[in-house]
Amino acid sequence: MVRSCLDALPKTLPTPMPEVSLRLLTPADSADYRALLHANRAHLTRHGDFTDQVEASTAKIEKALAHLEGRERAYGIRLHDTLVGQVSVIAVAPPRYSLGYWLARTATGQGRASAACAALIASSSTVLGATDMFAGVTHGNDPSVALLRRLGFVPVAEFATYTRFHLALTPPTRRRPHVF
Ligand SMILES: CC(C)(COP(=O)(O)OP(=O)(O)OC[C@H]1O[C@@H](n2cnc3c(N)ncnc32)[C@H](O)[C@@H]1OP(=O)(O)O)[C@@H](O)C(=O)NCCC(=O)NCCS
């Protein structure tokens with residue numbers, strides 16, 4: 001396996017919500033993960049995102065969750081112990097990283113995705129020394145924009161189909177991103 005700076009991230013992470021935690025996804029999660037993607041097909045693809053993931057074969061998902069390419073770490077968002085979504089950090093150009101996230105439709109509306117993202121951003125700052133976090137949001141995805149603004153992200157660039165958001169992270173005295 002290719003070694004990556006991302007290997008320093010812990011396998012599990014608590015979040016500001018006691019009932020929500022993160023656990024690194026592995027190939028053993030492939031069936032549950034694919035079932036959740038399929039159950040949320042319309043919710044995830046309504047802005048044109050996640051089409052490839054929803055269409056991916058089990059083999060392709062297993063390969064992705066093995067984290068063999070070393071550039072991304074994907075965590076399952078767990079509500080109690082049940083898989084309800086995913087949040088990932090991508091090593092774009094360390095110490096600059098980007099964030100990806102989705103939540104099952106039935107789990108939305110309770111601040112859980114924000115809590116999951118806040119936990120991974122904080123760990124990226126303290127463990128990886130991330131200085132900047134970016135996220136791209138397809139135009140019209142208002143819940144995603146609201147989430148990013150809640151975490152302190154600001155828009156920094158407009159493209160034909162999406163807006164790029166940015167969060168500057170404070171180094172090692174390490175203030176957690178403000179969420180609640
Ligand atoms: C984007 C997405 C993750 C946002 O999920 P979400 O649950 O709305 O996000 P949050 O966790 O920030 O929760 C915010 C909601 O919880 C409510 N909430 C309740 N308690 C809260 C708390 N303690 N803290 C924050 N929000 C809280 C907020 O009022 C808000 O409700 P509203 O949508 O009725 O205004 C979700 O819509 C999704 O998965 N979409 C499809 C995939 C996607 O677009 N991913 C992003 C690609 S860029």
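**Core and strands of a predicted model**

User: Which residues touch the most other members of the largest nonpolar core?

Analyst: The model is a predicted one. Its largest nonpolar core has 39 residues. Those that touch the most other members are L22, V87, L99, M133 and F153.

User: Which element supplies the largest share of this core?

Analyst: At least two core residues come from each of β2, β3, β4, β5 (96–103), α5 (112–128), β6 (132–138), α6 (142–150) and β8 (162–168). With nine residues, the largest share belongs to α5.

User: Which residues does M133 touch, not counting residues up to four places away in sequence?

Analyst: M133 is among the residues with the most contacts to other members of the largest core. Leaving out residues up to four places away in sequence, M133 touches V89, Y97, S98, L99, I121, S124, F153, F165, H166, L167 and L169.

User: How many residues of strand β3 are buried?

Analyst: Strand β3 spans residues 72–79 and is mostly covered. Of its eight residues, the number buried is seven.

User: How many bridges join β3 to strand β4?

Analyst: On one pairing, β3 runs antiparallel to β2 (residues 20–24) through five bridges, and Y75 is the bridge partner of L24. β3 also runs antiparallel to β4 (residues 82–93), where R73 stands opposite V89. The number of bridges between β3 and β4 is eight.

User: Which residue in the turn of the β3 and β4 hairpin has a positive phi?

Analyst: Two residues lie between β3 and β4 in this hairpin. The turn residue with a positive phi, about 55°, is H80.

Key: Residues are numbered from 1 along each chain as its sequence is written. This is a predicted model: local features need pLDDT of at least 70, side-chain atom pairs count only at pLDDT 80 or more; totals for chains, interfaces and linings use all residues. Side-chain values use heavy atoms; hydrogens and water are left out. Buried means under 20% relative accessible area, exposed over 50%, partly exposed in between (1.4 Å probe, protein chains only). Helices (H or I, at least four residues) and strands (E, at least two) are DSSP runs, numbered from the N terminus. Two strands pair if DSSP finds at least two bridges between them. A nonpolar core is a set of buried Ala, Val, Leu, Ile, Met, Phe, Trp, Tyr and Cys residues joined through side-chain atoms within 4.5 Å. Contact means heavy atoms within 4.5 Å.
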